[in-house]
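Please keep the sequence and the model in view while reading.

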Amino acid sequence: MGYEYVGYVIRKFAEASDRRTVMSSGDSNPAATPTPCDDLQGDGRWISLHNRFVSDSKGKEPDVLFVGDSLVQLMHEFEVWRNLFSPLHSLNFGIGGDATQHVLWRLTNGELDHICPKVVVLWVGTNNHGHTPEQICGGIMAIVNVVNKHLPQTHVIVLGVLPRGKSPNPLRERNARVNTLVQAELASLSYASLLDVDPGFVQSDGSISHQDLYDYLHLTAQAYQKVCQPIYTRIKALLEKHTP
């Protein structure tokens, strides 16, 4: 009886261990776990924007979808959007402060349901504070996979995460590492590619000018001009491939 009991305990322990392994493998990366953004201000803006995107997409037939954080959202406010991207029938689903897990939640909760763009431009990762480069890369790849699952004919352009901060700092190193990891992950995929849009914001002395990144994170009008031209060129090339 004693041996049977010991065997029972061992089996139960093994089963519990197996469950923990499965849970940890699925939940070990918070950057790749769809998560709605916390409403820290209490005004419901984030979920309201998400719901608006879902509603606005109904009846639209965009050729290009931009999705990501404030760098995407603010692009819409500059002349470069009107000159380059509006004529391409583009939608802008950017929300300031979003990290990979927030974009992942949005795309799995309706933002892709009513549209079929030929190109998706993804720009996210710099707000993943507390996450490792490997986790951030995993989050970006999870978004790429969700887009591909919903829109198998769509090409995803992943924009490289930009350097940040006036002077050298750990977040610059983290962002550079993310780009290296993402590039390696995307290298074998036909439906996605990385585009490095940094024109050289870090100067020879290691500093970043406020004339490019006015708060050493967000782009000025002149910086958007530098960044957006290669995006436009890549999008145009991809759209031409879709043209019979």
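In this predicted model, R177 forms a salt bridge with E134, and the closest N and O atoms of the two are 3.9 Å apart. R177 belongs to helix α7 (residues 170-186) and E134 to helix α6 (residues 133-150), so the pair ties together parts that are 43 residues apart in sequence. Side chains of opposite charge can pair when their charged atoms come close.

R174 and E134 are 40 residues apart in sequence, and their C-alpha atoms are 9.5 Å apart in space. Which residues does R174 touch, not counting residues up to four places away in sequence? The contacts are with G125, T126, N128, H129, H131, P133 and I136.

A search of the whole structure finds seven salt bridges, and one of them joins K118 to D63, with the closest N and O atoms being 2.8 Å apart. This pair links distant parts of the chain, because K118 sits in the loop between α5 and β3 (119-123) while D63 sits in the loop between α2 and β1 (64-68), 55 residues away, where these helices and strands are DSSP runs. K118 is partly exposed, with a relative accessible area of 28%. A further salt bridge is the one in which the side chains of E111 and R106 meet, at 2.9 Å from N to O, and here both residues are buried. R106 and E111 are also linked with D98 in a network of salt bridges.

β1 and β3 pair in the parallel sense over five bridges, and the bridge partner of V67 in β3 is L122. Strand β4 (residues 155-159) also runs parallel to β3, and four bridges join the two; in this pairing V119 stands opposite H155 in β4. Between these two strands the chain crosses from β3 through α6 to β4, and this β-α-β crossover is right-handed.

K236 has its place in helix α8 (residues 221-242) and is partly exposed, with a relative accessible area of 32%.

Helix α2 (residues 45-57) shows how a helix can present one side to the rest of the protein. It has 13 residues and reaches 18 Å from its first C-alpha to its last, close to the 18 Å expected at 1.5 Å a residue. Within α2, the residues W46, L49, H50, F53, V54 and S57 are buried. These residues cover an arc of only 140° around the axis, which puts them on the same side of α2. What covers the buried residues of α2 includes α3 (70-73), β2 (90-94) and α5 (100-111). The helix is followed by G59, whose phi is positive, near 85°.

The parts described so far can now be placed within the whole. The secondary structure of the protein comes to eight helices and five strands, and read along the sequence these follow the pattern α-α-β-α-α-β-α-β-α-β-α-β-α. Of the 244 residues of the protein, 48% count as buried. How much of the contact set with a separation of 6 or more comes from residues 24 or more positions apart? Such residues account for 79% of those contacts.

Methods. Residues are numbered from 1 along each chain as its sequence is written. This is a predicted model: local features need pLDDT of at least 70, side-chain atom pairs count only at pLDDT 80 or more; totals for chains, interfaces and linings use all residues. Side-chain values use heavy atoms; hydrogens and water are left out. The expected span of a helix is 1.5 Å times one less than its number of residues. Buried means under 20% relative accessible area, exposed over 50%, partly exposed in between (1.4 Å probe, protein chains only). The arc is that of the directions from the helix axis to the C-beta atoms. Contact means heavy atoms within 4.5 Å. A salt bridge is a side-chain nitrogen of Lys or Arg within 4 Å of a carboxyl oxygen of Asp or Glu. Two strands pair if DSSP finds at least two bridges between them. A crossover is right-handed if, with the strands pointing away from the viewer, the path from the first strand over the helix to the second runs clockwise.
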